[in-house]
Amino acid sequence: MGKEIDPAAMEIDAQSSINPKFSINVLQLLKSAQMQHGLRHGDYMRYRRYCTARLRRLYKSLKFTHGRGKYSRRIISESTVTDVRFLHILLYTAERAWSHAMEKRQLPDGPNRRQRIYLIGRLRKAVKWATLFAQLCAIKGDSRTSLEAEAYASYMKGSLLFEQDQNWDTALRSFKSARAVYEELGKYGDLENQVLCRERVEELEPSIRYCLHKIGKSNLQASELLNIGEMEGPALDLFKSKLEAAMAEARSQQAASMTEFYWLGRRFPISNAKTRVLILKAQEFEKDVEGPVAESVPAEKRLAIFDKIFTAYHEARSCIRNDLVTAGNAESVKDELIGLDKAVSAVLGLRTIERNLLLVNVAKTKLSRQREEKNEKATKPEELVRLYDLLLQNVADLSDLVTSGRERKQEEVEFAEECAIKSLAFRAGRCFYLAKSYSMEGKRSEAYALYSRALSVAESALQRLQNATNVNQTLMEELKTLHQNCRSNICIEHATGIMEEQKAPEMLSKKISSISLSGTDKKPEKFLVEKLDLYEPAVGDASLKVAPRIEVFPPAFQTIARNPIVLDLAYNLIDFPSLANRMKKKGLISKFWG
């Protein structure tokens, strides 16, 4: 007998064919779309336009348009979802609303009151569509899709409450719920999905810690919050904007008590609140590049911090100059503003010198170590010479700025002396690396003279530094090292020059003995294609300006076969017969009309 078919199994199969379970890798889909359409560079407008175009294509492909001419709303419900693209519509609608809100958040001066109301409205729309997406995925999607949709909806709810500055407990629960889902999903699936889930967990962590900080269950300091804000990711942009707003508010409160700017024994009153905030902002960044903590910070990060310091001080100077324009004829106010501008300019010059010194240290490190990678660009001594030229110019400008006052205090005299010592030290360093560049080109006499000059300038700088009131120990150590290097290089150049002079007659005799009148004694060097059976390099050293001998270029001319040229010499000598008897005779009418 044949096998009997179970009716219950048939019913289950029929239900599964009627109600299929859709599968969407939500996180991977969104991450790919965001990185390819603007969010790699924080361009939310471009991403919003992509979401709009994507929704238009989905509506047309599903023939789910909202009427023609007159708008007719069509609702996506459980019975409507017969294709996975209906779920994509809900997802991209939520993403469009969220990206529009983030676009408003990234306005240059921040959103005003009306724009903030609109921003929160767009986030509410994103929460509405994300919640509907999660509800339909729970019915129409598989278990993984349902979990990812629930985590996405929780993240949107947390972002809305985060922006509203209220219900921090509910926001914390939403973020923790999303983190728990992504932590579980990160344990399964392929490697790419696991990496994406772990990245998402790391992006959610700062928001959770900030919520705990607002509730009062965390001992986070402001500096730790700033370190968290340096992380990257689209999920952190809202957190960064919120943190920047909080820090700006804290600076404004702190600036209320800041009434003077102290520099070199002088106090300059600050009346403009915006100028006070900008100077405080620059001073906060200065703490990250000063002291022993700065040594542990990478050079690239320190350069970025210097750029922020320069931006803050330049904006402060522009505010001061605007106040000067509006000061009118009040001479006392003008004198105070001019003194404040001079002090801020001097601090800006000091930070410029520190930044250029950092670049010098980076270039020295690259010059001293061997190149580990072939593609790494070699640092030449000429680059250090250029940096020392910039330092000399910076010190000269700073010295002129300090010595331009009528009455000079003791602090200003000591600072001018320090600038003079630094100028001598930079001149010694410039001479040293200029001599090194001549040495690399084989010019021994020029290199010897420049090393001797660098040695004498370094000795003068050391002598003045030892007699100074405030001895800079770092500069002292650098000058001592430079002094020793100059002495050793002088001896090396002297010895190398004597050796080359001793070998010069021998080398000259060898070259003269190899001279031939025929000029055929020189063995021609073969190209790579001619010696494929030999293991000899065809590309020389990268430091030498020698062209690689791979193939002759441009290639030599080659003879090729040419089609024969036929000259008909007998044509003009042939008597052809007359064809007059074969021609049609013309009548009277044809004679007139052709």
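Trainee: Where is Ser174 found in this predicted model, and what makes Ser174 count as buried?

Mentor: Ser174 is found in helix H7, which covers residues 168-185. Its relative accessibility is 10%, and since buried means under 20% relative accessible area, Ser174 counts as buried. Once neighbours within four places in sequence are left aside, Ser174 is in contact with Ser154, Lys157 and Gly158.

Trainee: How do you know whether Thr80 is buried or exposed?

Mentor: Thr80 has a relative accessible area of 17%, and because the limit for buried is under 20%, Thr80 is buried. The place of Thr80 is in the loop between helix H3 (44-62) and helix H4 (84-105). Apart from neighbours within four places in sequence, Thr80 is in contact with Phe64, Ile75 and Phe86.

Trainee: Why is Leu434 called partly exposed?

Mentor: Leu434 has 22% relative accessibility, and because buried requires a value under 20% while exposed requires one over 50%, Leu434 counts as partly exposed. Leu434 has its place in helix H15, and, not counting residues up to four places away in sequence, Leu434 touches Val385 and Leu450. The C-alpha atoms of Leu434 and Ala454, which are 20 residues apart along the chain, are separated by 9.5 Å.

Trainee: What makes the aromatic pair of Tyr388 and Phe426 tilted?

Mentor: The count comes to 15 aromatic pairs. One of them joins Tyr388 and Phe426, with 6.3 Å centre to centre and 50° between the planes. The distance falls within the 6.5 Å limit for a pair, and because planes under 30 degrees apart count as stacked and those over 60 as edge-to-face, the pair of Tyr388 and Phe426 is tilted. Tyr388 lies in helix H14 (residues 381-402) and Phe426 in helix H15 (residues 410-440), so the pair ties together parts that are 38 residues apart in sequence.

Trainee: Why is the pair of Tyr388 and Tyr433 called stacked?

Mentor: The ring centres of Tyr388 and Tyr433 are 6.1 Å apart and their planes stand at 20°. Because the limit for stacked is under 30 degrees, the pair is stacked. This pair also links distant parts of the chain, with Tyr388 in helix H14 and Tyr433 in helix H15, 45 residues apart.

Trainee: How do you know that Tyr388 and Phe426 are buried, and which aromatic cluster includes Tyr388?

Mentor: Tyr388 has 6% relative accessibility and Phe426 has a relative accessible area of 5%, and because buried means under 20%, Tyr388 counts as buried and Phe426 is buried. Tyr433 is buried as well as Tyr388. One aromatic cluster is formed by Tyr388, Phe426, Phe432, Tyr433 and Tyr451.

Trainee: What makes H13 and H15 roughly parallel?

Mentor: Helix H13 (residues 331-368) and H15 pack at an angle of about 25°, with their axes 14 Å apart. Because angles under 35 degrees count as roughly parallel, H13 and H15 are described as roughly parallel to each other. Their crossing is left-handed, and the contact is made by Leu350, Ile353, Leu357, Lys364 and Leu367 of H13 with Phe415, Phe426, Tyr433 and Lys436 of H15.

Trainee: Why is H11 called roughly antiparallel to H12?

Mentor: Helix H11 (residues 273-286) and helix H12 (residues 299-326) pack at an angle of about 160°, with their axes 9 Å apart. Because angles over 145 degrees count as roughly antiparallel, H11 is roughly antiparallel to H12. H11 passes H12 in a left-handed crossing. Residues of H11 including Leu278, Ile279 and Ala282 meet residues of H12, among them Ile309, Ala312 and Ala316.

Trainee: How do you know that the charged end of Arg200 sits over the ring of Tyr155?

Mentor: The charged end of Arg200 is 4.8 Å from the centre of the Tyr155 ring, and the rule asks for a distance within 6 Å together with a position within 35 degrees of the ring normal. Lys128 likewise lies over the face of Trp129, at 5.1 Å from the ring centre.

Trainee: How many helices and strands does the protein have, and what percentage of its residues is buried?

Mentor: The secondary structure comes to 18 helices and 2 strands, and buried residues make up 37% of the 594 residues.

Note on methods
Residues numbered from 1 in each chain as written. Predicted model: local features only at pLDDT ≥ 70, side-chain atom pairs only at ≥ 80, totals over all residues. Heavy atoms only, no water. Phe/Tyr/Trp six-rings, centres within 6.5 Å; stacked < 30°, edge-to-face > 60°. Helix = DSSP H or I, 4+ residues; strand = E, 2+ residues; numbered from the N terminus. Buried < 20%, exposed > 50% of the residue type's maximum accessible area, 1.4 Å probe, protein only. Axes fitted to C-alpha atoms, helices over the stretch in contact; angles between N-to-C directions. Parallel < 35°, antiparallel > 145°, perpendicular 65-115°, else oblique. Left-handed = near helix turned anticlockwise from the far one by under 90°. Contact = heavy atoms within 4.5 Å.
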